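Me: I have a structure open and would like to learn how to read it. Could you take me through some features, one at a time?

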Amino acid sequence: MNSYKQIEAINTACYYGHQHCVDSAQSQFNQWLDNPEETSCLNYASGTVLEMSHDSHDLYPQKFLSEILYLDYALTKKEANSVIGSVLRNSPIGYSMAVEFTMANWDALRAAHGTSAFNIVWQFADFMNTAADLMKLEEFGRKSQYVPGFPEKTYQSTVDKVKLNIQWMERNYEAVYQQLMDATSKTEEPADEREPFDGRLPETLAPSLYTISVTPYLDEEDGEKRFTFDGSVEIIFEVLNSTDVIVLHAHGTLKVDDSDSMITVAEKDNPSQTIGVDRVEIVEKYEFVMVHLTSNLVMGSEYIIKMDSFTGTLHHADFQGLYLSNYTEGGETKHMVATQLETTNARRVFPCFDEPALKATFDVTIVHKNTRIALCNMPVKETTTDGDWNTTVFDTTSVVMPTYLIAIVVADFRSMEIQTANNKTMRVWSRPEALSALNYSMHTGSEMLTFFEDYWEIGYPLPKQDMVAIPDFYFGAMENWGLVLYRETALLYDPQVNDQYRKHRVAAIIAHELAHMWFGNLVTLDWWDHVWLNEGYASFFELPVLEAVEPSWDVFNQFFQRDDLYRAMDFDDSWSSHPTVRPVGWPDDIWSQFDRIAYQRGSCMNMMMRTFLGEDTFKEGLKSYLNEYQYSNAVSDQLFAELTKADVGKKNTDVKKVMDTWLLQMGYPVVTLSRDGNTIHAEQTRFIMDPNEEPNDKHYDMGYKWHIPLTFTDESEKEYSNPTEAWMEVGPADFNIPTSSGDDWYLVNINQNGFYRVKYEDANWNKLATYLKENDHTTIPVRTRAQLLDDAFSIANAHQMDQVYSIKLLEYLSKETDYLPLYTAILRHGYTRDMLKRTAAYGYLERHMRYLLNNSYWELEWDFSHDSHLGYYKQIDSLRTACYYGHSDCIMRAKMQFNQWMDNINDTSAIESNLKDTVYCAAMKYGSEDIWERAWSLYDSENIPSDERSRVRSALACSKEQWILERYMEYALLKKEASSVIGNVLRNSGHTVAWDFTMNNWNELKEIHGNGALSIVWQFADYMNTDSDLTKLQAFGNKYMDMPGFSTSSYQNAVDKVKLNIDWMKRNYQPVYQQLKDATRNYVL
Ligand SMILES: [Zn+2]
């Protein structure tokens, strides 16, 4: 049993309010307060202790503050990387503090440590074992995935680790907790198989109306009640099957008073006719409160259950249930509460039938201080005042909703209001200081709501739509019906301050949430195995609404593949993926459904269905689905039945037959094509990115064969909007291209609308590359151009094809003016770049890339005074890449800007914020020793803002001078921050010098970083691709295999990776080298 599991068992036991745990934690904490220097009386569980004592910032003068100061200090000294690790493991505040600090200072950490900052986050995974932890990690992943160098695979294995930890906790924490408390040394091995979930509510009762009252306590004068809430609930329900027990959900953190007469049951129409309560049973495992009655409830009759008192704690920013959010305004700390009830958190706020199919109407009352406003799904019916307190009563919900869509906000917020074209009230809310940044959201949201009403011909059914910007919110947003909550950065957009990236994020998230008003809220998934019915649809229908509201963004063409398809494919190309629809029960299983499979892959499923059914049929089928199941629930088969019906008499597609192969098994195919005259032969196999990966059979599969909708055209036909179609029926297929002469090019999977990759025979790749280069490339649509780059690079990166075809395809890029193909080329060529970095071919690659990007570089140059959305995206990517590959004007501009900034370092806006890393790095890489020295002394001085200092620090590793790098690493070793500096050096130009340095200083590195020193070594593997590299790595492995903490599997992974790289080199190096050499022969750059 690992110690972290013990620790977390205690944390969890305390968190769930285990009385003994709470008592011992508090007594430990009091001892410690009496003698803050003595930390031995506190164990790792003190994060919990702090939380339980509330208001920890005020209470902990010395120790807590000193930890913060230590971390802050480390950040300014650029040592945060290792310090966070030690705080994480050794400090009494430990884990939660390290996480909070890391997230709060993420930009600075990234600037300081480059991509190795991610390693800080991955090490948290060892300590993460709750659904909330997983949410945090996945949100982090969602936010970071476009950061260059984001280690996708490590991220995924980290997620898997946390999932395992959660499973472990579910199975073991109670036993472990007992064991700890009993102080026995007996250990129990975790069971191999997780216990099957048997915690669905019985199908006996159906709620129809909840009457809920909630009072949160936020202020000092609330005394002991501060940061708690209390309330009462009445539920009217109908008896579907006679029973003598009422089974409700109430989470362990919600204390329901079950003493005499606090829980009563009566006939609805005859309230004096009560039913005796025999006993109340708590089933912690399933979060049940079971009210056993003295007699049976009569089938078909309606009853009312009243629970007069329950209480709960407002945890600060745990983002679940009703939680506390803090922010500062005007120098003052403000408190507010918000909710996040999806998926199983309504039961943390009030006892309820907490399953999505048990929809009801809700009557909500909130009692709150009159300095704050209260918001709920419906408009305010009436407010009464009693002293400082207001009682705000809301209208009964005009429609039925599932419990997870209820929302409450109590805050000192202000609003703006607009009437939509269809005369609906839309309001936006935020803290007063931020209100002016809600203009864009309000107008865009208003247009979007109207768009969807008209598109589906189904009106938005609630009397108002509120959108609220919450300072602490876990997700981007949550689609609560009538009260959508957003994280501030997902709703605030100030054109004076924010860039086009922010504008895009805000618009896309509003689009997503408002799409949910139909997909999710009007028609709700029947159970959480069908999360894609909510998320895949909300994700897909962002597209038509953005197309309507921001037509210049061209979202279908420029962003669908980038945001949905590439992300889904990159996730689903591994054995660690999972089927879209799979059985789930336990709350953490349910959480794990909310990933790229439900969202991005779900969106891709819609794009594919829309393509093979045709846009009109697809829309007609969805409309009838929305009408058929409105105010109700559905499963995937019911949706497919509506789509099949809509296609009768047209293509007569059996949608379920097709889609089952896509939803019930994970993965997607690569279709391999070969041509004989105008007959094409197609084979399908599952696409796996990493050939070293061990297959696993833990999920149901259909032999990894799919019903694949093929679409195709050829050079003479060029029919892209209505291409010829053929099906691959779970196996190979032959099809004819009648117009084909047999030696022109052909294209399959037009515009990448189908969720599969296409691998042509060599001749067709060559013809396509030549055509794009020598003809008008726009005669092949932008999405298909991006697709060719994406497929060619990805299939070759997966070692299933020669890389030279993708390199040939690149050659037309100098003519490319669209964003998506540029983005795709830059994204996907990274592996080739890393392999060539230390070879004779690298100079040609640099030259080639400079040439290819030259036109797009000059298009907008360094002028940011325009408001072209796509222009900005292209500009940032082009400038970054051009500078990276040494484009002379780019280097000159970067050096100039850097020098200007060095002369006036307080002018932090002098350089476009999305280009700062690029500019600093280019200045170090291409500048003189003098510039490096200046930057170095700047970094070493006190008068530089800390985020800028971090950027400089990271840029120092960009130098190409070996002796400078050597000196830098030596300095870093003294500062105990060598780990991240070595990482930065090896990723830039200093692989060899970094390796030698690591080996020469191994003992010292080991002393400073402990086992962590080993991960310095493993990261070299990404770039190692020669036999001598492998020998070096193996020699190291053999020598240190017996070192404590040596992980054989990490070592083996590194060795396997290097072997794969060596294979790539053997197969690809010469042809790619030759191709680059030929291509660059006539360049004058
Ligand atoms: Zn969503």
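Me: Let's start with the two aromatic residues Trp1018 and Phe1046: are they buried or exposed?

Reply: Trp1018 and Phe1046 are both buried. Buried stands for under 20% relative accessible area, exposed for over 50%, and partly exposed for what lies in between, with a 1.4 Å probe and protein chains only. Before we go on: this is a predicted model, where local features need pLDDT of at least 70, side-chain atom pairs count only at pLDDT 80 or more, and totals for chains, interfaces and linings use all residues. Residues are numbered from 1 along each chain as its sequence is written, and side-chain values use heavy atoms, with hydrogens and water left out.

Me: What share of the residues in the protein chain is buried?

Reply: Of the 1085 residues in the protein chain, 62% are buried. The accessible surface of the chain is about 40300 Å², and carbon and sulfur atoms account for 47% of that. These areas come from the Shrake-Rupley method with a 1.4 Å probe, and for residues only the protein chains shown count as cover.

Me: How many helices and strands are there?

Reply: The protein chain has 40 helices and 30 strands. Both are DSSP runs numbered from the N terminus: helices are H or I with at least four residues, strands are E with at least two. As for contacts (heavy atoms within 4.5 Å), take those between residues at least 6 apart in sequence: 72% of them join residues at least 24 apart.

Me: How do I read an aromatic pair? And how many does the structure hold?

Reply: You describe a pair of aromatic rings by the distance of the centres and the angle of the planes. Rings of Phe, Tyr and Trp (its six-membered ring) pair if their centres lie within 6.5 Å; planes under 30 degrees apart are stacked, over 60 edge-to-face, and the rest tilted. The structure holds 77 aromatic pairs. One of them is the tilted pair of Phe559 and Tyr819, at 5.6 Å centre to centre with 40° between the planes. Phe559 sits in the loop between α16 (555-558) and α17 (560-572) and Tyr819 in helix α26 (residues 819-828), so this pair ties together parts 260 residues apart in sequence. Phe559 is buried, at a relative accessible area of 2%, and Tyr819 is buried too, with a value of 2%.

Me: What kind of pair do Trp1018 and Phe1046 make?

Reply: Their ring centres are 5.7 Å apart and their planes at 85°, so the pair is edge-to-face. It links distant parts of the chain, 28 residues apart: Trp1018 is in helix α38 (residues 1012-1018), and Phe1046 in the loop between α39 (1027-1040) and α40 (1048-1080).

Me: Which charged residue lies over the face of Tyr823?

Reply: The rule here is that NZ of Lys or CZ of Arg must be within 6 Å of the ring centre and within 35 degrees of the ring normal. Arg562 lies over the face of Tyr823, 5.7 Å from the ring centre. Lys1077 lies over Tyr1073 in that manner, at 5.6 Å from the ring centre.

Me: Now the metal. Which protein donors does the zinc ion have?

Reply: Donors are N, O and S atoms within 2.8 Å of the metal (3.2 Å for Na, K and Ca), and water is not among the atoms, so sites may look incomplete. Here the protein donors are His512 (NE2), His516 (NE2) and Glu535 (OE), lying 1.9 to 2.1 Å from the zinc ion. Along the chain, their spacing reads H-x3-H-x18-E. Helix α13 (residues 500-516) carries both His512 and His516, four residues apart, or about one turn of the helix. Both of these histidines are buried.

Me: What about backbone angles? Which peptide bond is cis, for instance?

Reply: Most residues other than glycine have a negative phi, and most peptide bonds are trans. The bond from Glu342 to Thr343 is cis, with omega near 5°, and Thr343 lies in the loop between β11 (332-340) and β12 (361-369). Tyr704 is not a glycine, yet it has a positive phi of about 50°. Tyr704 belongs to the loop between β25 (679-686) and β26 (707-714) and is buried, with a relative accessible area of 11%.
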